[in-house]
Amino acid sequence: MPTWLFAIFALMAFIVPAHAEDIAEKATLCASCHGENGVPIDQTIPVIWGQNAGYLYVELRDFKRGARTDPIMSQMATGLSREDMMALAEYFSKKPWPNLGQKPADAATAERAQVIANSAQCSQCHLAGFLGASLVPRVSDQNHDYLLATLRAIRSGERGNNNWMTELMKAYSDQDMAALAAYLAGL
Amino acid sequence: MLLGNGMRVGLGATAALALGTCLATGALADETSNATLFGNMTAVSQDMLNRAGQDANNFLMTHGDYTQKRYFPNRQINTMNVRHLHPAWIFQTEVKETLETAPIIVNGVMYVTTAFDHVYALDARTGAEIWHYKQPLGPITVYCCGPNNRGVAVDGGMVYLATLDAKLVALDAKTGKVAWQSDIADPELGYSETMAPTAVDGKILIGTNGGEYGIRGFVKAFDAKTGKLLWTFNTIPENTVGEWATKDATGQDLHRDIAAEKAALAKLGDPFKKLGGGVWQNPSVDLANRRIYFVVGNPSPDLDGAPRPGDNLYTDSLVSVDLDTGKYVCHFQYIPHDVWDLDAVSATVLVDAKDQNGALVPAVLHAGKTGFVYVNDRKDCHLIRFSEAMVPQENMYALPTASPGTRMLPGANGGVEWSAMAVDPTLNLTYALNLHQPMHYSVKMADYPGGDKLWLGGAFTVIPEEEQWGNVTAVDYNTGKIRWQVKTPQPMIGGILATAGGLVFTGESNGFFKAYDSATGAELWRFQAGAGVNAPPSGYTVEGKEFIVVGAGGNAQVDSKRGNNIIAFTLD
């Protein structure tokens, strides 16, 4: 286990029900992975600064319920109350989305991604610019490696807390997903 | 009065000229408009609402009047002069996202809404902003098909808004201040609102979204003055089994396995608690008989029929209830046990139509995602006729299969989606907007995931290799025959307006807003709005000048280019 991971598990012991005044303090724990300035410590970890509050809340809730699993996040969410989760979601949603410096996809990749997005009707939920709202996540300018891994995990059912997305993603190949991830990351 | 973002612009006008004109017209801001035919000019009376269809000055309801014909009776703008139509002003809202608002105009004041539940009151002559209200939405709002809002209702001195987080809000029409707010339902259970309310006889009528989230649908009536709930009609009764119908309204086989469904019913019981049945569009109101007519949307989960044996009443149905009590009157189901999301969405329209014997009877029209226009008798809801198919129907009612699924036409968006029809009663024609979007339908069993997640029981995907397009279709509702049809380069979604000037106005996803000859379908005028025109137009008259107004903000469902413009057109 890397040292930073050990440190996080150690810190989890200190999670207690949150109050408005100490949300910022609790959020410092999140920064261990999601970044002190909103830029995650590696590309497999999602940006949560500026993410939509409803989505952040539901994901925390699903980690707690076991509907979504992750070695760190499942543990992290265990001690959180609904109020904690709502407060954390609200806190991070109000932060500015960080500049990850990801490059736009090339024209051919973008074109392929747009055809897939039209086929899957992504815009119905993720909206213009793939910014989402409320329960639907922003996926534009999200970390590339996280996006690609997530698309695949949704398709396989490994990430199974949205069965509609799992069924939808089955229609698309690895190449389609590579194009989508590159396109979205570069928006 | 604030000038806000409103700009009066002429053809070729510079920004400086536009600003100058705007300031010059500011002097008119406090003058009283004498343009109304009915009412006391300070508030909307029930008499005005009752006669809205004959009011050539105001546009008082989402679909024109209680019959929902969307027929504007002014003929100042007509087939002879429409080629001179040009923008009078453009108002830019704060929200650049899917725009489905039907502008409401009362005595020279216009009310429009945007995605995420903003409401604007504008000077209908100039586009100058009078007030702006933004609903503070809670963190949990569900929207299956875009965070849309289709407009407000007006009654007395109030403006009524239904919100994404399932609240009904009454605003003071003069100031935009909240008078009262009532909970319609729990947004965390999948209930949300995108439709405009309907105001009638002191009641505010409202349906609900949520057929994609396992809700139990309803239409509710609230007291217009207090916000108190008056009655609720559950669109899903406690016995939803029906007649085990094996065919749809047009006689086509639905390929149901009735034996398997009966076995499932014995095991699971009636699925009414989470069977869906949203109501997406305003009811039409038959004032003479004190009845309302509306259509009920799809069952939940959309594509998987296994957990919901039976006909799934009253999903995919025309339903009539008593206006005063909310009690059931009659229903007619277009598609029993729907597993394609080919539900009933577009608003009903009341007309007098010929029955099978050629006698004129009170009838109700509905345009289905199936691509048919259905004509039903208002007396008992029975089907009089259905139209020729307006779009290709291929492999109709083939059952969804495991991914990648079954190809079938129409796709799950239609045919006709929520787009409102218009009717020219002088021609016996109804005008419908259609999509041609070939899709794959796949099914996958899934447990109810909780009300804040989509519960579709599968997926529908647009087939990337196939061409998509749309059309505007005029159907003779006395015969069911297509009178004329115009193909459009993209699937059509939004709405249409007919006028006494012999015109129909409608917009396209590519930004074109067009006027057609309502008798022939000849294109007479077009304007490029710079963003998808996917909203129903309205007509109004101020100080003797007729205007046509429409929103150009694009649409989430067909992903057309977004914008934030309300554009009013007039003649010099």
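E59(A) forms a salt bridge with R159(A), with 3.1 Å between the closest N and O atoms. A salt bridge here is a side-chain nitrogen of Lys or Arg within 4 Å of a carboxyl oxygen of Asp or Glu. This is a predicted model, in which local features need pLDDT of at least 70 and side-chain atom pairs count only at pLDDT 80 or more, while totals for chains, interfaces and linings use all residues. Residues are numbered from 1 along each chain as its sequence is written, chains are lettered from A in the order in which they are written, and side-chain values use heavy atoms, with hydrogens and water left out.

**Salt bridges**

- Over all chains, the count comes to 33 salt bridges.
- E59(A) also meets R68(A) in a salt bridge, at 2.8 Å from N to O.
- E59(A) counts as buried because its relative accessibility is 9%; buried means under 20% relative accessible area, exposed over 50%, and partly exposed in between (1.4 Å probe, protein chains only).
- R68(A) counts as buried too, at 13% relative accessibility.

**Domains of chain A**

- Chain A is assigned domain 1 (3-93) and domain 2 (107-185); the bounds come from an automatic or database domain assignment.
- Contact (heavy atoms within 4.5 Å) joins 17 residues of domain 1 to 16 residues of domain 2.
- About 1300 Å² is buried between these two domains, and carbon and sulfur atoms give 43% of that area. Buried area is the accessible area (1.4 Å probe) that two parts lose on being put together, summed over both.
- On the domain 1 side, Q43(A), N52(A) and Y55(A) lose the most area to domain 2, together 41% of what that side buries.
- Between the two domains, the count is 1 salt bridge.

**Chain A against chain B**

- Chain A gives 29 residues to the contact and chain B gives 37.
- The area buried between the chains is about 2700 Å², with 53% from carbon and sulfur atoms.
- The chains are linked by 3 salt bridges and by 18 residue pairs in polar contact.
- R61(A) and D452(B) meet in a salt bridge, at 2.6 Å from N to O.

**Nonpolar cores**

- A nonpolar core is a set of buried Ala, Val, Leu, Ile, Met, Phe, Trp, Tyr and Cys residues joined through side-chain atoms within 4.5 Å.
- The largest core has 100 residues, of which F92(A), M169(A), Y334(B), W340(B) and Y441(B) touch the most other members.
- This core draws at least three residues from each of domain 1 and domain 2 of chain A.
- Apart from this core lies another, of 37 residues, including Y133(B), V169(B), L313(B) and V319(B).
- Leaving out residues up to four places away in sequence, W340(B) touches several residues, among them L254(B), D302(B), Y397(B), M408(B) and Y441(B).

Conventions
Polar contact = N/O pair within 3.5 Å; in protein donor to acceptor, adjacent residues only side chain to side chain.
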